[in-house]
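User: Could you walk me through how the labels for this model were decided? I'd like to see each value set against its cut-off.

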Amino acid sequence: MRGFYIGRFQPYHNGHHTVVEEIATEVDELVLGIGSAGDSHTDHDPFTAGERIMMITRAVREFERANDLVTYVVPIEDLNRNSVWVSHVQSMSPTFDVAYSNNPLVIQLFEEAGIEVRQSKMFDRERLEGSDIREAMIEGDAWRERVPDAVVETIEEVHGVQRIRTVAKDDVVERWEAGDDE
């Protein structure tokens, strides 16, 4: 059975990782849809689709080995037309049998399209919220322990902390050099 799990993954964090670990026990293959794939370089969506593909692909390797799971990471650009959103997702993704989501609108849209939807538990939601992790990056607070090690490596590789700090500013005060990330 093939499942589908969508998120913005800005960044992919330990909450997402735990959900994927749970889903991996239920399916043979998993499609991870990167929502809002066309958005990047803002404080709300700092990472590109390609960077999020790297984060997820690297992080889920452990589940692929441990659960003999096959994963596909696909970018899904925003459509902004809810009535045809599911068919848009299906056109951008390998076929799937079940969708996983806790988002009420996503659940409703998949169910209206006749697709089974399973909800998963939220894990440590008060700490593992993408907006809080991005804010911690901006403020210089602890964030690394909230994401898988592979995601830390990817964020450091693309100078993601410096990027989010830069795009969160109203005015540029200083110019950063590659390697200045904390």
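**Pocket and helix packing**

Analyst: The largest pocket holds about 970 Å³ of space, and of its 37 lining residues, I6, G7, R8, N103 and V106 are the closest to its centre. The model is predicted, so to speak of local features takes pLDDT of at least 70 and side-chain atom pairs pLDDT 80 or more, while totals for chains, interfaces and linings use all residues. Residues are numbered from 1 along each chain as its sequence is written, and side-chain values use heavy atoms, with hydrogens and water left out.

User: What makes a space a pocket, and what counts as lining?

Analyst: On a 1 Å grid over the protein atoms alone, a cavity is a set of points where a 1.4 Å probe fits but cannot get out; a pocket is an open set with protein on both sides within 12 Å along at least five of seven lines, and lining residues have an atom within 4 Å of a point. The volume is the space filled by probe spheres set on the points, which are joined across faces, edges and corners.

User: Which elements supply at least two residues each of that lining?

Analyst: β1 (2-7), α1 (14-24), α5 (104-112) and α6 (130-139) do. Those labels are DSSP runs numbered from the N terminus: helices are H or I with at least four residues, strands are E with at least two.

User: Why is α2 called roughly antiparallel to α7?

Analyst: The axes of α2 (residues 49-59) and α7 (residues 149-157) cross at roughly 150° and come within 8 Å. Over 145 degrees counts as roughly antiparallel, under 35 as roughly parallel, 65 to 115 as roughly perpendicular and the rest as oblique, so α2 is roughly antiparallel to α7. Axes are lines fitted to C-alpha atoms, for helices over the stretch in contact, and angles run from 0 to 180 degrees between N-to-C directions.

User: And what makes α4 and α5 roughly perpendicular?

Analyst: Helix α4 (residues 85-92) packs on α5 at about 80°, with axes 9 Å apart; that angle therefore puts the two in the roughly perpendicular class. W85, V86 and V89 of α4 meet V106, L109 and F110 of α5, where contact means heavy atoms within 4.5 Å.

User: How do you know how α6 and α8 are arranged?

Analyst: The angle between α6 and α8 (residues 160-168) is about 90°, with axes 8 Å apart, so these helices are roughly perpendicular too. R134, M137 and I138 of α6 touch V161, I164, R165 and A168 of α8.
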